[in-house]
Amino acid sequence: MLGARRVVVTGANKGIGLALVRALVAEGSTDVIMTFRKGNNGPEIYEQIRKECPNALLHYYLLDITDEASMCSWLAKAGFSS
Ligand SMILES: NC(=O)c1ccc[n+]([C@@H]2O[C@H](COP(=O)([O-])OP(=O)(O)OC[C@H]3O[C@@H](n4cnc5c(N)ncnc54)[C@H](OP(=O)(O)O)[C@@H]3O)[C@@H](O)[C@H]2O)c1
């Protein structure tokens, strides 16, 4: 689909976000970063995909895209800030 790239998927615990993660992981060549809002079932979903595809390049972070502090914290943790 995308070749060797890093893709960030917000709202990755369900719906379109989760479907996109599954498609990228199935392709195998993409580093996929799943992000979830605190308190949802994201970490469990992450573990489930990890079990299904143990060799996948997969990471997860907590992120609320409407919360500036959450965004700044995530950017730093994920290595996107200078
Ligand atoms: N389904 C369709 O056929 C379709 C078609 C066209 C467009 N869309 C649009 O595409 C978007 C996603 O659709 P969907 O069906 O995947 O919806 P969904 O199943 O309701 O999933 C929405 C995702 O966004 C997350 N989210 C909501 N607010 C967020 C925030 N502030 N920060 C980070 N994540 C947040 C939710 O997390 P939580 O679980 O924590 O709430 C959830 O993971 C929606 O805007 C929808 O209107 C959908």
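1. Gly79 follows H3 and has a positive phi, near 80°. Helices (H or I, at least four residues) and strands (E, at least two) are DSSP runs, numbered from the N terminus.

2. Two notes on reading this model. Residues are numbered from 1 along each chain as its sequence is written. The model is predicted, so local features need pLDDT of at least 70 and side-chain atom pairs count only at pLDDT 80 or more, while totals for chains, interfaces and linings use all residues.

3. Is H3 covered or in the open? H3 spans residues 68-77, and of these 10 residues the number buried is one, so the helix lies largely in the open. Buried has a cut-off: 20 or more other C-beta atoms within 10 Å of the residue's own. A residue with 12 or fewer is exposed, and one in between is partly exposed; the C-beta atoms are placed from the backbone.

4. Now look at the loop between E3 and H3. Thr66 sits there. Thr66 is exposed, because 7 other C-beta atoms lie within 10 Å. Asp67 has 13 other C-beta atoms within 10 Å, so it is partly exposed. From Asp67 to Val9 the C-alpha distance is 17 Å, across 58 residues of sequence.

5. Strand E2 tells another story. E2 pairs with strand E1 (residues 6-9) in parallel, through four bridges. Strands count as paired if DSSP finds at least two bridges between them. Val9 is opposite Met34 of E2. Arg6 has Asp31 in E2 as its bridge partner.

6. E2 also pairs with strand E3 (residues 58-62). That pairing is parallel as well, over five bridges. Ile33 has His59 in E3 as its bridge partner. In a regular strand the side chains alternate between the two faces of the sheet.

7. How do the strands connect? E2, helix H2 (residues 42-52) and E3 form a β-α-β unit that is right-handed. Right-handed means that, with the strands pointing away from the viewer, the path from the first strand over the helix to the second runs clockwise.

8. Which residues make up the largest nonpolar core? There are eight: Ala12, Val21, Leu24, Val32, Ile33, Met34, Phe36 and Tyr60. Helix H1 (15-27) and strand E2 (31-36) are the elements that give two or more residues to this core. E2 supplies the largest share, four residues. A nonpolar core is a set of buried Ala, Val, Leu, Ile, Met, Phe, Trp, Tyr and Cys residues joined through C-beta atoms within 7 Å.

9. Val32 is in contact with Val7, Val9, Val21, Leu24, Val25, Ala56, Leu57 and Leu58, leaving aside neighbours within four places in sequence. Contact means that the C-beta atoms, placed from the backbone, lie within 7 Å. Tyr60 is in strand E3. Tyr60 is buried, because 21 other C-beta atoms lie within 10 Å. Residues up to four places away in sequence aside, Tyr60 touches Met34, Thr35, Phe36, Gly42, Pro43 and Tyr46. Tyr60 and Ala12 are 48 residues apart along the chain, and their C-alpha atoms are separated by 9.2 Å.

10. Leu18 lies in helix H1. Leu18 counts as partly exposed because it has 18 C-beta neighbours inside 10 Å. Apart from neighbours within four places in sequence, Leu18 is in contact with Ala12, Asn13 and Ile45. Leu18 and Gly42 are 24 residues apart in sequence, with 9.6 Å between their C-alpha atoms.

11. Last, the ligand. How many residues surround it? The number is 13, and the closest are Gly11, Gly15, Ile16, Arg37 and Asn40.

Note on methods. Contact = placed C-beta atoms within 7 Å. Near = placed C-beta within 6 Å.
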